[in-house]
Amino acid sequence: MGSLQHCRCQLPKMGDTWAQLPWPGPPQPAVLLVSLLLATGVMRSDAGSSCPVLCTCHNQVVDCSSQRLFSVPPDLPMDTRNLSLAHNRISAVPPGYLTCYMELRVLDLRNNSLMELPPGLFLHAKRLAHLDLSYNNLSHVPADMFREAHGLVHIDLSHNPWLRRVHPQAFQGLVQLRDLDLSYGGLAFLSLEALEGLPGLVTLQIGGNPWVCGCTMEPLLKWLRNRIQRCTADSQLAECRGPPEVEGAPLFSLTEESFKACHLTLTLDDYLFIAFVGFVVSIASVATNFLLGITANCCHRWSKASEEEEI
């Protein structure tokens, strides 16, 4: 797999290929024709147009789906535009795997066993528009995960049950992103910063996550409410799992009133009143204990006196 980082992106020169062809005696028309056909065939083969084993290739589409692959195919046609590796058992993608495939537009990695992606995987995938990472085991989306892939229009991260964290700068620079699917993961919180830098966002799917609708979620919910007319969201599927007082409530049903307690501030008078009440309660407690002690002592003496009289 180490050789993938130094893939051969250079095409062979015409002179090099021609020099390797047999050339017996004076040139004849038939020999020239055969030599030209052979040269063309060699060049097309060396250019990386051969299809990987267990895959099918047609019109710049490489389909390696449902082949029980444990690793990505090492060599792909250089002009690949659509690559499907879905429904396999791939657990890792080697660093630099996409370096040579400048024409890649669609990458389908759904339903595999990916736990993470190597840093800089999309550095050279400047034309990538559609990315499907659903049904994997991703645990987090790090900062700049999609760096340089500014052409992304659709990202599907749904059905990653261990997905607990999305870095605030995970989608930084994706100004063309229109569809983002974060549904059915393990997200309890999502930073507003992760989304507010996506001016073109049209569809956002966040249902099926165990959202904790505490004070930290208020900025995100306020932003979503303001964009609800422009951004289609799965509002019926997004529910709060906590705290207990809002458990089961639809995420988008929470209003500013729901977070009123988050904005309560105490003045000096409030602190003085609390201190005074605490002082009074302390005095009352001491007085009550004193009275109870006196009462208990009197009862004890009275009981003792009654026993002596009977004797």
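1. Phe-279 is exposed, with a relative accessible area of 52%, where exposed means over 50%, buried under 20% and partly exposed in between, computed with a 1.4 Å probe on protein chains only. This residue lies in helix H5, which covers residues 268–310; helices (H or I, at least four residues) and strands (E, at least two) are DSSP runs numbered from the N terminus. Together with Val-280 and Ile-283, Phe-279 makes a nonpolar surface patch of about 280 Å². Patches are built from residues with over 30% relative accessible area and no salt bridge, joining nonpolar side chains (Val, Leu, Ile, Met, Phe, Trp, Tyr) within 5 Å and like charges within 9 Å, a salt bridge being a side-chain nitrogen of Lys or Arg within 4 Å of a carboxyl oxygen of Asp or Glu.

2. On provenance, this is a predicted model, in which local features need pLDDT of at least 70 and side-chain atom pairs count only at pLDDT 80 or more, whereas totals for chains, interfaces and linings use all residues. Residues are numbered from 1 along each chain as its sequence is written, and side-chain values use heavy atoms, with hydrogens and water left out.

3. For the protein as a whole, the secondary structure comes to 5 helices and 13 strands, and buried residues make up 34% of the 311 residues. Among contacts (heavy atoms within 4.5 Å) between residues at least 6 apart in sequence, 56% join residues at least 24 apart. The accessible surface, from the Shrake-Rupley method with a 1.4 Å probe, comes to about 18700 Å², and 59% of that belongs to carbon and sulfur atoms.

4. How many disulfides does a search of the whole structure find? The search finds 3, a disulfide being taken as a pair of cysteine sulfur atoms within 2.5 Å. Cys-51 and Cys-57 form one of them, with their sulfur atoms 2.0 Å apart, and the link is right-handed, with 80 degrees about the S-S bond. Cys-51 counts as partly exposed at 34% relative accessibility, as does Cys-57 at 32%.

5. Another disulfide joins Cys-55 to Cys-64, with an S to S distance of 2.0 Å. This link is right-handed too, with 110 degrees about the S-S bond, and both Cys-55 and Cys-64 are buried.

6. Cys-213 is joined to Cys-240 by a disulfide, S to S 2.0 Å, and the torsion about their S-S bond is about -95 degrees, so the disulfide is left-handed. Because Cys-213 lies in the loop between strand E11 (211–212) and helix H4 (218–227), and Cys-240 in strand E13 (residues 240–242), the pair ties together parts that are 27 residues apart in sequence. Both cysteines, Cys-213 and Cys-240, are buried.

7. Some backbone geometry deserves a separate check. Most residues other than glycine have a negative phi, and most peptide bonds are trans. The peptide bond from Gly-242 to Pro-243 is cis, with omega near -5 degrees, and Pro-243 lies in the loop between E13 and H5. Ser-66, in the loop between strand E2 (61–63) and strand E3 (82–84), has a positive phi near 55 degrees and counts as partly exposed at 47% relative accessibility. Tyr-184 has a positive phi near 55 degrees; Tyr-184 lies in the loop between strand E9 (179–181) and helix H3 (193–196) and is partly exposed, with a relative accessible area of 37%.
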